[in-house]
Amino acid sequence: MSHDSTAAPESAARKLSGRRRKEIVAVLLFSGGPIFESSIPLSVFGIDRQDAGVPRYRLLVCAGEDGPLRTTGGLELTAPQGLEAISRAGTVVVPAWRSITSPPPEEALDALRRAHEEGARIVGLCTGAFVLAAAGLLDSRPATTHWMYAPTLAKRYPSVHVDPRELFVDDGDVLTSAGTAAGIDLCLHIVRTDHGNEAAGALARRLVVPPRRSGGQERYLDRSLPEEIGADPLAEVVAWALEHLHEQFDVETLAARAYMSRRTFDRRFRSLTGSAPLQWLITQRVLQAQRLLETSDYSVDEVAGRCGFRSPVALRGHFRRQLGSSPAAYRAAYRARRPQSERPVDPDPAGAGAPRPPVPADPASLPPESSVPFQTRRTAAPVPAAAGVPVQRGAS
């Protein structure tokens, strides 16, 4: 599922300054950036496909810092333009950032702020969201990034409403996407916004990709927590919770184990992980259920009990909200993709251990009743990021 602002929020109506042109797309590259993510906007916006019915963009490839720019595989790139070229662009794309722990160059951040002030559309693909956040362009806005980095983004920039479930988030004049392939999804969305469904469909056919994908990053998540949690006293409580998901306990139990009041525990947990503890706990139980559906022959009712849900009805409701499918449909789709000989038996009959990480089901293989329709709406309210996983809905 993806958040889409084609409902024309006020921010999307801002006019470009006189020197900027809507058809010009500037791609901002940095040394150390992954070459795959960097190549996505270059391919989408830099190749003339007018013969296929795709309107042409004018591409400016800009160095965000002094070169040569080294990328994955030891390759060196020389960008033909510098930061000054961004001043002509109606769209500025940051395809990736080399490290979520290091600050981007201040000169590049200033150029992005200036572009946004002059009406340019700013796009961050994958870890490019960290650059946009460092520039202050995501403050009080919905955003996404690769699910693995979402907890860190939420913790480091608490004013950003990070949703790790979405493939991309369109907030009008600032857009962000999840990892790698989701960058293609967002670039296609930009073409669709600018030139309509027919143009985006023609481009998708040339790229041999779906014109738009349903679902979100939920199927690719694991239990990852922010790196910083390892040194925090609350880490012991989190570890205990993960090891006892088969038991029925609530947030009050976790607060008691941390020797905190519920209110203090909620505040401390949210500051550490970017998520409310109840939302995080429900998500972990759903992920545990996902693993058991993949790795065991337990009935749905048994899975509910082994994941700490008070009833199968509770499991089904939370499972569908987070994964867009019923537990039974998810299991059927997962097993349909694997030969009988490769289907594992239950690795933990007692239900107390941590089963091995899941192999995500292909959303395209889910039955029609489980598919999630593409939504055309702007994020209506802040959605906190869970600790490496999606939070319960009330967007890899």
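The side chain of Arg141 makes a polar contact with the side chain of Asp171, at 2.6 Å. A polar contact is a pair of N or O atoms within 3.5 Å; within protein, one must be able to donate a hydrogen and the other to accept it, and residues adjacent in sequence count only if both atoms are side-chain atoms. The model is predicted: local features need pLDDT of at least 70, side-chain atom pairs count only at pLDDT 80 or more, and totals for chains, interfaces and linings use all residues. Residues are numbered from 1 along each chain as its sequence is written, and side-chain values use heavy atoms, without hydrogens and water.

Arg141 lies in the loop between α3 (128-134) and β7 (142-143). Helices (H or I, at least four residues) and strands (E, at least two) are DSSP runs, numbered from the N terminus. Arg141 is buried, with a relative accessible area of 12%. Buried means under 20%, exposed over 50%, and partly exposed in between (1.4 Å probe, protein chains only).

Six aromatic pairs were found in a search of the whole structure. In one of them, the ring centres of Phe30 and Trp97 are 4.9 Å apart and the planes stand at 85°, so the pair is edge-to-face. Rings of Phe, Tyr and Trp (its six-membered ring) pair if their centres lie within 6.5 Å; planes under 30 degrees apart count as stacked, over 60 as edge-to-face and the rest as tilted. Phe30 is buried, at 6% relative accessible area. Trp97 is also buried, at 3%.

Phe265, Phe269 and Trp280 form one aromatic cluster.
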